[in-house]
Amino acid sequence: WVNVSVVLSCGFLYAFPVIARSYSILPFLVFLSAILYEKRREMPILYGIILFLISMTHVIMLPFVSVLLLCFILEIFKEKRVDLKTVSTAFLMFFGIVYVLLISLSAVEHNHFIHFYSNNNIYTPVIFLLKFFSTALEPLSKISVNFVFAYIVLFLILLAEIFRFSQKAFFIALLSVIGQFTIYVMFYFSPVYQTRIFSMFLILLFCYWIGWKDSNDNILKRNISVL
């Protein structure tokens, strides 16, 4: 049911393939990174290249790549796997993040939609959250605001489900989502378009994927140990 609901969602039927901006390649890259996540120890360079490409698609994907970079660095030090491959992988991801940041900072002077808004008040994040979820539901949101709150509840349920599978996957999702929201609230004057909204759900799907895999692997290990 997860596969069917994802493939038949608005994001996969319309937002990514029809609007077809830089976001259009994100489903392929994010799902490929989920496949490579469990093989990151055996194929770190390929894993790093995919995350580098994800960072190149849009600045809103930087929190996601940054969190995975942090996890990767902590892992290689914890497991004492500091070698040429792992260091090169970490550097590649770091270079992608810095490069996009430099490009984004230079774009502030030329793009009136991107700017630092220091006059935001304490209600701005709340207003933005409502606009974020209402935009994802257009035109249903014009019928009833209840759809918006129902959507927020489903969003939180998905986060809770990720937490049930894996606390690590949950914190990857939480920090990535908070990072995206921070970028929107602090720097974007324009509305949050549906492609950007579904890029956040791609991150949740990634975390659901790796969390579910970790959960099943742990169950398998416990069963083997019992046997």
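**Before selecting anything**

The model is predicted, so local features need pLDDT of at least 70 and side-chain atom pairs count only at pLDDT 80 or more, while totals for chains, interfaces and linings use all residues. Residues are numbered from 1 along each chain as its sequence is written, and side-chain values use heavy atoms, with hydrogens and water left out.

**The whole chain**

Display the protein chain as a cartoon: it has 10 helices and zero strands. Helices (H or I, at least four residues) and strands (E, at least two) are DSSP runs, numbered from the N terminus. Of the 227 residues in the chain, 43% are buried; buried means under 20% relative accessible area, exposed over 50%, and partly exposed in between (1.4 Å probe, protein chains only). Contact means heavy atoms within 4.5 Å. Among contacts between residues at least 6 apart in sequence, 71% join residues at least 24 apart.

**Helix α5**

Select residues 62-78, which form helix α5. At 1.5 Å a residue, its 17 residues should span 24 Å, and the end C-alpha atoms are 24 Å apart, which agrees. That expected span is 1.5 Å times one less than the number of residues. Colour the buried positions next; among them are L62, F64, V65, L69, F72 and I76. Beyond the helix comes K80, whose phi is positive, near 55°.

**Where α5 meets α9**

On the α5 side, the contact is made by P63, F64, V67, L68, C71 and E75; on the α9 side, by K168, I172, L175, S176, G179, Q180 and I183. By class, this contact has eight nonpolar, three polar and two charged residues. Ala, Val, Leu, Ile, Met, Phe, Trp, Tyr, Cys and Pro count as nonpolar, Asp, Glu, Lys and Arg as charged, and the others, Gly among them, as polar.

**The salt bridges**

Now show the charged side chains: the structure holds six salt bridges, each a side-chain nitrogen of Lys or Arg within 4 Å of a carboxyl oxygen of Asp or Glu. Begin with E75 and K168, which are linked with R40 in a network of salt bridges.

Move to E79, which forms a salt bridge with R41, the closest N and O atoms being 2.8 Å apart. E79 lies in the loop between α5 and α6 (84-107) and R41 in the loop between α3 and α4, so the pair ties together parts that are 38 residues apart in sequence. E79 is partly exposed at 33% relative accessibility, and R41 is partly exposed at 36%. The side chain of E79 also meets R81 in a salt bridge (2.6 Å, N to O); R81 counts as buried, at 17% relative accessibility.

Finish with E38 and K213, a salt bridge whose closest N and O atoms are 3.2 Å apart. The pair links distant parts of the chain, 175 residues apart: E38 is in the loop between α3 (26-37) and α4 (44-57), and K213 is in helix α10 (residues 194-226). E38 is partly exposed at 40% relative accessibility, and K213 is partly exposed at 24%.
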